[in-house]
Amino acid sequence: MLRSLLIRDIHTLVLMDPANTVLRHAYLYIEDGEIRQVGTRPAKLPRADRTISGRYAVAVPGLVNTHHHLFQTLTRACPAAADAELFDWLRTLYPLWARLDEESVHVAALAGMAELLLSGCTTTTDHHYLFPRGHSRLIDAEIEAARRIGIRFHPTRGSMSVGKSKGGLPPDSVVQSESRILADCERLIRQYHDPAPGSMLRIALAPCSPFSVSPELMRATAALAGRYNVRLHTHLAETRDEEAYCLNRFGKRPLDLLEDVGWLNANTWLAHGIWFNRREVARLGRAGVGIAHCPTSNMRLGSGSAPVLALRRAGCPVGLGVDGSASNDSSHMLAEARQALLMHRLIHGAAALNVADTLRMATVGGARCLGRDDIGSLEAGKRGDVALFDLRDVGYSGAGDAVSALLLCAPTRVSTLVVEGRVVVEDGELKTISLDPVLARHRRLAARMQGPSNTMDWK
């Protein structure tokens with residue numbers, strides 16, 4: 001294994017440091033997975049086991065995905081749910097997802113992680129909350145996929161304990177008892193969680209939503225997370241339907257419920273956060289709660305748009321998430337960043353959000369949501385996670401500014417991707433696994449899950 005990597009002659013290097021420094025004709029030296037040197041035109045370049053030219057590239061910190069449901073790559077563009085809002089979309093897809101097993105989750109994770117890596121993403125979380133009866137090792141299957149493919153991974157042990165028979169939304173066949181959920185959360189932390197700097201694998205705990213878990217499980221999960229010093233994640237304030245459900249069932253708004261169960265603190269990051277009012281935004285900021293902003297999914301389901309500018313002003317860490325590949329139908333992080341830029345310009349005006357601030361959400365903001373200070377920027381002492389995009393691509397031809405081109409021009413495939421100092425994508429091709437057989441297997445499993453009438457005919 002290579003101990004050192006030099007990327008030299010980089011056309012444009014975006015550090016994402018506090019000063020938003022952009023260097024021209026720069027170099028980056030990584031040793032044992034850590035950035036040791038970064039700068040321009042040294043008197044003598046350091047020697048490395050391998051040297052890569054960045055002459056035609058714009059290089060940015062590896063993108064950080066803060067919310068996903070990788071298993072949903074098996075139900076992309078499902079016709080039965082194509083035009084539904086969240087609750088009806090879930091009711092349609094729950095019976096299909098009840099067919100999940102370890103093999104399908106492993107292959108779905110490989111496909112989704114491959115798409116993320118090829119989009120410039122080096123770190124991803126995943127919120128897996130469905131455990132059909134007889135299948136308890138689904139997080140393990142995802143972890144095995146992450147290790148195979150070479151992505152930095154923050155799986156969250158999701159959970160659903162309130163099925164339809166108890167007034168919840170999911171069918172009873174995909175929920176678990178709270179004692180089983182908590183026992184498996186503890187097992188996963190003890191077996192896999194690595195809190196060390198540079199960690200490639202950290203576990204978080206993630207009850208699914210107010211309409212699928214009990215307040216008692218939320219409290220117990222928070223206590224368990226506190227005991228092991230791991231982070232907390234859940235969906236919150238995604239739709240008006242969720243707000244109505246909380247008011248009807250618990251007599252309080254979603255954020256009041258969150259505070260009541262002990263989650264309103266800086267150890268928590270939330271997916272979506274669309275329907276917070278001004279006072280709630282201020283409360284979130286004071287508590288330091290992170291927000292995973294998922295613009296494509298929110299538009300796809302007609303859910304609304306998170307008050308991202310207000311949340312950031314209030315002090316919330318805000319990252320980006322591609323969300324599930326059956327509500328976004330894509331796992332392309334660069335496309336997600338572009339979508340965020342365009343959405344908030346549409347709502348607030350062209351000057352409301354610039355390219356640098358959007359890239360900051362996709363890098364530093366995402367790292368903060370995940371509780372990490374060792375990724376998200378390209379500075380000495382940070383981990384060697386770098387995405388290089390080839391400026392000779394047809395979509396960038398004629399662009400005046402390399403950094404702006406990343407988000408104003410059409411999203412492209414990453415040219416070179418480095419994770420923890422290891423080259424995992426080169427010349428736009430994944431180097432860690434053979435992708436074609438994985439995708440062939442993925443298509444077969446998708447057809448089995450959705451049924452032949454709902455999948456593309458390859459004959």
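Predicted model: local features only at pLDDT ≥ 70, side-chain atom pairs only at ≥ 80, totals over all residues.
Two packed helices are described by the angle between their axes and the distance between the axes. Helix α2 covers residues 102-118 and helix α14 covers residues 435-450. Their axes lie 9 Å apart and meet at an angle of about 130°. That angle makes α2 oblique to α14, and the crossing of the two helices is left-handed. On the α2 side, the contact is formed by Glu103, Ser104, Val107, Ala108, Leu110, Ala111, Ala114 and Leu118. These residues meet Leu435, Val438, Leu439, Arg441, His442, Leu445 and Arg448 of α14. Sorted by class, the contact of α2 with α14 comprises 10 nonpolar, 2 polar and 3 charged residues.

The second pair consists of α3 and α4. Helix α3 spans residues 138-149, and helix α4 spans residues 178-192. The angle between α3 and α4 is about 25°, and 11 Å separates their axes. Because angles under 35 degrees count as roughly parallel, α3 and α4 are assigned to that class. The crossing of α3 and α4 is right-handed. From α3, the residues in contact are Ile139, Asp140, Ile143 and Arg147; from α4, they are Arg187, Leu188, Gln191 and Tyr192. The contact of α3 with α4 contains 4 nonpolar residues, 1 polar residue and 3 charged residues.

Alanine 141 lies in helix α3 and is buried, its relative accessible area being 7%. Leaving aside residues up to four places away in sequence, alanine 141 touches Glu102, Val105 and His106. The helix α2 is made up of residues 102-118. Between alanine 141 and aspartate 88, which are 53 residues apart along the chain, the C-alpha separation is 29 Å.

Met333, Ala337, Ala340 and Leu341 of α11 make the contact with Val355, Thr358 and Ala362 of α12. Of the residues in the contact of α11 with α12, 6 are nonpolar and 1 is polar, with no charged residues.

Aromatic rings were examined next. The model contains 7 aromatic pairs. In one of them, the ring centres of tryptophan 89 and tryptophan 97 are 5.5 Å apart. The planes of these two rings stand at 70°, so tryptophan 89 and tryptophan 97 form an edge-to-face pair. Both partners are shielded: tryptophan 89 is buried at 3% relative accessibility, and tryptophan 97 is buried at 0%. Tryptophan 97 also pairs with tyrosine 94, with ring centres 6.0 Å apart. The planes of tyrosine 94 and tryptophan 97 are at 85°, and this pair is therefore edge-to-face. Tyrosine 94 and tryptophan 97 are 3 residues apart in helix α1, which covers residues 86-97. This spacing separates tyrosine 94 from tryptophan 97 by about one helical turn. Tyrosine 94 is buried, with 1% relative accessible area. A single aromatic cluster brings together Phe71, Trp89, Tyr94, Trp97 and Tyr129.

Arginine 41 has a phi near 40°, which is positive in a residue other than glycine. Its position is in the loop between strand β3, residues 34-40, and strand β4, residues 50-53. Arginine 41 is exposed, with a relative accessible area of 64%. Glutamate 420 likewise is not a glycine and has a positive phi, of about 55°. Glutamate 420 is located in the loop between β15 (416-419) and β16 (422-426). Since under 20% relative accessible area counts as buried, the 18% of glutamate 420 places this residue in the buried class.

Definitions and conventions. Residues numbered from 1 in each chain as written. Heavy atoms only, no water. Contact = heavy atoms within 4.5 Å. Helix = DSSP H or I, 4+ residues; strand = E, 2+ residues; numbered from the N terminus. Nonpolar A, V, L, I, M, F, W, Y, C, P; charged D, E, K, R; others polar. Phe/Tyr/Trp six-rings, centres within 6.5 Å; stacked < 30°, edge-to-face > 60°. Buried < 20%, exposed > 50% of the residue type's maximum accessible area, 1.4 Å probe, protein only. Axes fitted to C-alpha atoms, helices over the stretch in contact; angles between N-to-C directions. Parallel < 35°, antiparallel > 145°, perpendicular 65-115°, else oblique. Left-handed = near helix turned anticlockwise from the far one by under 90°.
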